[in-house]
Amino acid sequence: MCKECGCGEPEHGHSHDHAHPHTHDHSHDHAHPHTGGPSHEHADHTHDASGAPVPRGDRVVRLEQKVLSRNDEAAARNRAWLRERGITAVNLISAPGTGKTLLLEKTLEALEGRVPCAVITGDQRTDNDARRLAGKGAPVRQIETVSACHLDAERVGELLPTVCEGGTRLLFIENVGNLVCPAAFDLGESFKVALLSTTEGEDKPIKYPSLFTRAGAVVITKMDLAPHLDWDLSACRRNIQGVRPGVFTFELSAKTGEGMQGWLEYLERLVS
Amino acid sequence: MHELSVALALLEQVEAVAERNRAERVSRVTVTVGALSGVDPAALRLAFPVAAEETRAAAARLDIVDQPARARCRDCGHESAPEFPLAVCAACGSTDAEILGGRDLVLTSVELDTADPET
């Protein structure tokens, strides 16, 4: 296994016999409570011949500590920091190549002068996305994860004071292109937006439920290509609604502008 | 694939416990993994020794306790251990499910090997 990010062939062959279901309604409105700490620890002991307690060589320390408490704690701090300043943060998650960056380019251009925006964008390497998004009226910062396959709350938290200058109302966090891991790492956002393009088929929502069941909104991109593809819009909508009943879905093309008006009006209403 | 991140976070907590209790070695780590935690127990089992290398838990045994998913139908109140992602109530067919349990990813206990027991 790759020590950096856990990818690659395992040293010993093994297979997953069954899918692991993981869908849940997870509210992020409050800091995550967690237990644990010295007060929960106690040692086991035996007794010697006279009946007095004697500590054993092996001691079992009982805890009930959430494992991801560190990222959760950082996310809770981010959430509080953003709330205090009236900033709405959206965490954009999709496969690589879905069109997050182009959508952000067009969004920033349209909202310039109307809604003060800011962007944190993440990739393994390069600042290509930050360069594309620069000069559109919004501060932009790039996180290079180097090896990690998702953004984490601590690194995002470090950038918040820099990228959200006074007056920012809407922060876009463009996550690393990945439909799996980012869904598990709370960044402190107001909600997640799941994106998929017409070139990705109709079944991404049911293949990647851990993301789609947590999405506050879904965006279907590259609608301009739909006429050239054997792509079933109804089937895609059905899959989205089946996994996340009632979720608001936008169908658009950042390239042609189709459907962009609804998306922009939605964003403006979020911060009004 | 992020089970390595999870394992690293886990080992950080385990090391802290060992340090607090002045133990040189950790012999066993017990983790509760909920069906809805997003963590795959098999992948965690693979990642654990990698993350534990050169720590006090390098030779520790990992015990994983599975925590099943539990949901309650908001329409009729029926409780079940659902099959996801399309959680349909077996009693009334509604998809409006309230999750009651199965989300946990918890370090339950750590077994320490202390060469010199304290009196």
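This is a predicted model: local features need pLDDT of at least 70, side-chain atom pairs count only at pLDDT 80 or more; totals for chains, interfaces and linings use all residues.
User: Let's start with α7 in chain A. Which of its residues are buried?
Analyst: Helix α7(A) runs over residues 233-243, and its buried residues are Ala235(A), Cys236(A), Asn239(A), Ile240(A) and Val243(A).

User: Where do those sit around the helix axis?
Analyst: They span an arc of only 135 degrees around the axis, so they end up on the same side of α7(A). As a general point, an α-helix has 3.6 residues a turn, so residues three or four places apart point the same way.

User: OK, and what do the buried residues of α7(A) pack against?
Analyst: Their partners, in chain A, are the strands β8 (191-197), β9 (215-221) and β10 (248-251), plus the helices α5 (204-207) and α6 (209-212).

User: What's going on at the start of α7(A)?
Analyst: Asp232(A) has a side-chain oxygen there that comes to within 3.1 Å of the backbone nitrogen of Ser234(A).

User: Switching topic: how many salt bridges are there over all chains?
Analyst: A search of the whole structure turns up 18.

User: What does Glu12(B) pair with?
Analyst: Its side chain makes a salt bridge with that of Arg70(A), at 2.8 Å from N to O. Glu12(B) belongs to helix α1 (residues 3-20) of chain B and Arg70(A) to helix α1 (residues 69-84) of chain A, so this pair joins two chains.

User: How accessible are those two?
Analyst: Glu12(B) has 43% relative accessibility, so it counts as partly exposed. Arg70(A) is at 41% and counts as partly exposed too.

User: And which residue does Asp203(A) bridge to?
Analyst: Lys207(A), with 3.6 Å between the closest N and O atoms. Asp203(A) is partly exposed, with a relative accessible area of 28%.

User: Over to chain B. What does Arg28(B) pair with?
Analyst: Glu111(B): their side chains meet in a salt bridge at 3.4 Å, N to O. This pair links distant parts of the chain, 83 residues apart, with Arg28(B) in strand β1 (residues 25-34) and Glu111(B) in strand β6 (residues 105-113) of chain B.

User: Is Glu111(B) buried or exposed?
Analyst: Glu111(B) has 18% relative accessibility, so it counts as buried, the cut-off being under 20%. Arg28(B), at 27%, counts as partly exposed.

User: Which residues share that salt-bridge network?
Analyst: Arg28(B), Arg61(B), Asp63(B) and Glu111(B) are joined into one network by salt bridges that share partners.

Key. Residues are numbered from 1 along each chain as its sequence is written. Chains are lettered from A and ligands numbered from 1 in the order in which they are written. Side-chain values use heavy atoms; hydrogens and water are left out. Buried means under 20% relative accessible area, exposed over 50%, partly exposed in between (1.4 Å probe, protein chains only). Helices (H or I, at least four residues) and strands (E, at least two) are DSSP runs, numbered from the N terminus. The arc is that of the directions from the helix axis to the C-beta atoms. Contact means heavy atoms within 4.5 Å. A polar contact is a pair of N or O atoms within 3.5 Å; within protein, one must be able to donate a hydrogen and the other to accept it, and residues adjacent in sequence count only if both atoms are side-chain atoms. A salt bridge is a side-chain nitrogen of Lys or Arg within 4 Å of a carboxyl oxygen of Asp or Glu.
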